[in-house]
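Here are a few exercises to work through with a structure viewer open. Try each task yourself before reading its solution.

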Amino acid sequence: MTESAALEVATTFAELNLAPEIQAAVESLGYVHPTPIQQQAIPLVLAGRDLLAQAQTGTGKTAAFALPLLDRIKPHANTSTSPARHPVRALVLAPTRELAIQVYDSVVEYAKNLPLRCTCVYGGVGMQEQEAALRAGVEVLVATPGRLLDHAGNKLVQLNQVQFLVLDEADRMLDMGFLPDLKRILALLPKQRQSLLFSATFSDEIVRLAQNFLQNPMRVEVARRNTAAETVEQVAHKVPEADKLEALLRVVKVRDLAQALVFTRTKISADKLGRRLLKRGLEAAIIHGDKTQVDRLQALEGFKQGTIKLLVATDIAARGLDIVELPAVINYELPYSPEDYVHRIGRTGRAGASGLAVSLVSADEDKLLAGIERFIKRELNIVPLPSPASPPRPAVSPEETESGPAATLPRRRRAEPVCALLMPPPQSQLAGGQ
Ligand code: AMP
């Protein structure tokens with residue numbers, strides 16, 4: 001089942017022969033060249049194949065599945081007001097509401113010239129608005145598994161006409177314990193369908209999941225197994241636990257970081273760190289699973305606008321954040337799971353630009369560090385904390401790495417201010433989402 005895709009690659013979207021409405025939408029977003037995952041995946045999905053795709057957030061993976069799916073559903077597009085004429089034809093499952101919203105916003109953009117309905121359902125908000133959208137009928141449904149099952153249990157959504165299933169960030173779904181939910185959802189879908197599985201990492205569990213969910217899939221990869229983006233400078237500083245706050249402030253100052261995403265392992269330490277940063281007068285915000293949806297969206301919005309300098313996040317809350325080209329990620333605490341390390345640093349160095357991942361490692365995290373190094377198959381560069389007098393230089397410039405810049409989006413000029421590189425606030429999110 002691990003056929004690899006040996007295809008002639010399209011270097012422009014025009015060569016992918018997408019429907020004119022979709023091509024126009026892509027053009028209006030300023031996309032010119034398909035990214036590597038798009039080059040590989042789009043023709044395969046158009047040809048009706050199942051896909052097992054390895055791609056991190058930031059590689060353009062959403063368009064890689066959304067564009068060809070929309071193209072395939074297009075014959076069913078209609079302007080009828082009858083709900084019966086708008087059954088769910090494509091179901092996209094995402095592990096977190098942030099990712100679900102982000103995928104939904106992208107799909108809405110890609111489908112804007114087609115009379116296709118799209119909606120997004122996720123937990124943590126009231127059911128009513130979502131119920132109304134489902135009752136009216138929707139062709140493309142983006143959902144987190146638990147909330148989808150709630151709606152299905154209430155008979156608000158029928159999934160027996162789903163032709164396309166996408167599991168986005170499948171590794172994260174397994175980490176979050178969604179396997180039983182996924183199995184229940186699968187039981188509601190027709191056996192005859194096209195299924196696409198996207199995952200940042202390929203563990204044995206993912207391969208097993210793929211065997212259950214996919215039929216004779218083509219396998220596409222844009223990053224090597226368990227490797228972090230090549231363009232990310234990864235350094236670690238050994239710091240006693242009690243000195244981590246000062247170390248963090250020093251890194252931000254000496255490296256002159258305009259913004260950084262700062263990871264903690266737990267919600268409690270995220271809260272504690274956020275409070276301490278605010279006390280020190282830094283523009284900080286916190287996102288984690290216990291924050292309300294409004295709080296999370298506000299924090300994210302502040303970060304995108306540049307008014308928030310340090311966004312403190314837990315691993316789960318940070319999944320799927322649509323932050324393009326974030327210059328730095330700081331691991332204030334190392335994650336328990338090495339895969340989370342790869343996800344974390346996948347937040348920086350995106351879009352082919354160079355990024356920075358700094359880990360502050362206390363003595364009792366040495367084992368976690370060793371686990372990460374085994375997983376990414378390289379040792380982190382352990383260096384003393386930068387001193388205020390001598391700003392550090394990158395250990396290796398992106399051009400000097402083995403395989404050059406990561407196979408992701410076209411390079412952007414580094415001089416652009418961060419906030420200009422971030423997505424504009426999606427109106428639907430500010431208004432409280434679907
Ligand atoms: P994703 O990996 O799907 O989260 O996409 C990351 C970002 O890249 C999103 O902001 C997309 O709008 C953007 N993007 C996706 N495909 C392209 C492309 N071919 N050219 C330029 N930007 C793109």
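The exercises below concern a predicted model, and each comes with a worked solution.

**Exercise 1.** Find out where pLDDT stays under 50.

*Solution.* One is residues 1-7, with 12 contacts beyond four places in sequence in the model. Another is residues 393-434, for which the model has 76 such contacts.

**Exercise 2.** Describe how helix 2 and helix 3 are arranged relative to each other.

*Solution.* First take the axes: those of helix 2 (residues 36-46) and helix 3 (residues 61-73) come within 8 Å and cross at roughly 25°. Angles under 35 degrees count as roughly parallel, and the two helices are therefore roughly parallel to each other. Then check the hand, which is right-handed for this crossing.

**Exercise 3.** Work out which strands stand at the edges of the seven-stranded sheet.

*Solution.* Begin with the strand order of this open sheet, 11-12-10-13-14-9-15, with parallel pairing. Strand 11 (284-287) and strand 15 (381-382) each have a single partner strand, so one side of each lacks a neighbour in the sheet and these two stand at the edges.

**Exercise 4.** Identify the residue that stands opposite H237.

*Solution.* Strand 9 (residues 232-238) pairs in the parallel sense with strand 14 (residues 355-361) over seven bridges. Reading across to strand 14, you reach L360 opposite H237.

Key. Residues numbered from 1 in each chain as written. Predicted model: local features only at pLDDT ≥ 70, side-chain atom pairs only at ≥ 80, totals over all residues. Axes fitted to C-alpha atoms, helices over the stretch in contact; angles between N-to-C directions. Helix = DSSP H or I, 4+ residues; strand = E, 2+ residues; numbered from the N terminus. Parallel < 35°, antiparallel > 145°, perpendicular 65-115°, else oblique. Left-handed = near helix turned anticlockwise from the far one by under 90°. pLDDT = per-residue confidence, 0-100. Contact = placed C-beta atoms within 7 Å. Pairing = 2+ DSSP bridges.
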